Amino acid sequence: MLTTDQKGAIAEMGIAWHATQLGIDVYKPVAERGRYDLIFDFDDRLWRVQCKWAAINGDVLVVRCYSSRRTREGTRMRPYTADEIDALAAYSADLDRCYFFPIDRFPRREQIRLRLAPARNNQRHLINWAEDFEFAATLAQPRGAVAQLGERVAGSH
């Protein structure tokens with residue numbers, strides 16, 4: 001069984017690898033102890049990204065949106081805020097897929113639950129579908145003037 005530190009390391013490497021595969025420049029802070037693990041360079045902006053392990057629970061992928069540490073009083077959970085990070089990224093080792101969540105879309109949440117399959121009661125409204133947050137759906141979209149230049153290559157040779 002993997003420790004939480006091992007899961008975090010695997011998630012961080014998986015997220016960096018998948019983002020790099022999409023052409024995103026990925027940087028790692030030199031020192032630990034910050035609230036974010038990686039920096040994504042999106043041409044016009046740097047994003048502070050906190051990496052998380054995504055666990056499957058039935059037909060749902062669960063991403064915890066907090067850090068925790070043991071204290072004398074017990075476990076202390078601390079949610080991430082928009083002042084500390086710009087996004088959460090999660091890696092599912094079971095699916096070998098990554099997910100991206102801008103923090104302003106999920107402010108001060110304890111966890112994000114993503115549906116992998118339809119709910120048994122057929123609910124469709126207010127469901128976060130895993131496929132909508134996959135890297136390919138969220139990060140591979142053209143961004144800014146550089147992406148627009150790529151669209152005009154045929155006419156500018």
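# A ring cluster and its surroundings

Ring pairs join Phe-40, Phe-42, Trp-47, Phe-100 and Phe-135 into a cluster. Rings of Phe, Tyr and Trp (its six-membered ring) count as a pair if their centres lie within 6.5 Å; planes under 30 degrees apart are called stacked, over 60 edge-to-face, and the rest tilted. The model is predicted, so local features need pLDDT of at least 70 and side-chain atom pairs count only at pLDDT 80 or more, while totals for chains, interfaces and linings use all residues. Residues are numbered from 1 along each chain as its sequence is written, and side-chain values use heavy atoms, with hydrogens and water left out.

The structure holds 10 aromatic pairs. Helices (H or I, at least four residues) and strands (E, at least two) are DSSP runs, numbered from the N terminus. Phe-100 is buried at 5% relative accessibility, and Phe-135 is buried with a relative accessible area of 4%. Buried stands for under 20% relative accessible area, exposed for over 50%, and partly exposed for what lies in between (1.4 Å probe, protein chains only).

Trp-47 is another member of the cluster. Not counting residues up to four places away in sequence, Trp-47 touches Leu-38, Ile-39, Phe-40, Phe-42, Asp-86, Ala-87, Phe-100 and Pro-102; contact here means heavy atoms within 4.5 Å. Arg-45 lies over the face of Trp-47, at 4.4 Å from the ring centre. A charge sits over a ring if NZ of Lys or CZ of Arg is within 6 Å of the ring centre and within 35 degrees of the ring normal.

The largest nonpolar core has 18 residues, and those with the most contacts inside it are Ile-15, Phe-40, Phe-42, Trp-47, Phe-100, Phe-135 and Leu-139. Helix α1 and strands β2, β3, β7 and β8 each supply at least two residues of this core, with α1 giving the most, 4 residues. Apart from this core lies another, of 16 residues, among them Ala-54, Leu-61, Leu-88 and Ala-130. A nonpolar core is a set of buried Ala, Val, Leu, Ile, Met, Phe, Trp, Tyr and Cys residues joined through side-chain atoms within 4.5 Å. In soluble globular proteins, nonpolar side chains tend to be buried together.

Helix α1 has 18 residues and reaches 26 Å from its first C-alpha to its last, close to the 26 Å expected at 1.5 Å a residue. The expected span is 1.5 Å times one less than the number of residues in the helix. The buried residues of α1 are Ala-11, Glu-12, Gly-14, Ile-15, Ala-16, His-18 and Ala-19. What covers them includes β1 (25–27), β2 (38–41), β3 (46–57), β7 (87–92), β8 and α3. After the helix comes Gly-23, whose phi is positive, near 90°.

His-18 lies in this helix, which spans residues 4–21, and is buried with a relative accessible area of 17%. Leaving aside its neighbours within four places in sequence, His-18 is in contact with Tyr-91, Asp-96, Cys-98 and Phe-135. The side chains of His-18 and Asp-96 make a polar contact (3.3 Å). Such a contact is a pair of N or O atoms within 3.5 Å; within protein, one must be able to donate a hydrogen and the other to accept it, and residues adjacent in sequence count only if both atoms are side-chain atoms.

Further polar contacts involve two arginines. Arg-35 is found in the loop between β1 and β2 and is buried, with a relative accessible area of 13%. Its side chain makes polar contacts with the side chain of Ser-67 (2.7 Å) and with that of Glu-84 (3.3 Å). Arg-78, in strand β6 (residues 74–79), counts as partly exposed at 33% relative accessibility. The side chain of Arg-78 also makes a polar contact with the side chain of Glu-84 (2.7 Å). Arg-78 and Ser-67 are 11 residues apart in sequence and 5.3 Å apart in space, C-alpha to C-alpha.
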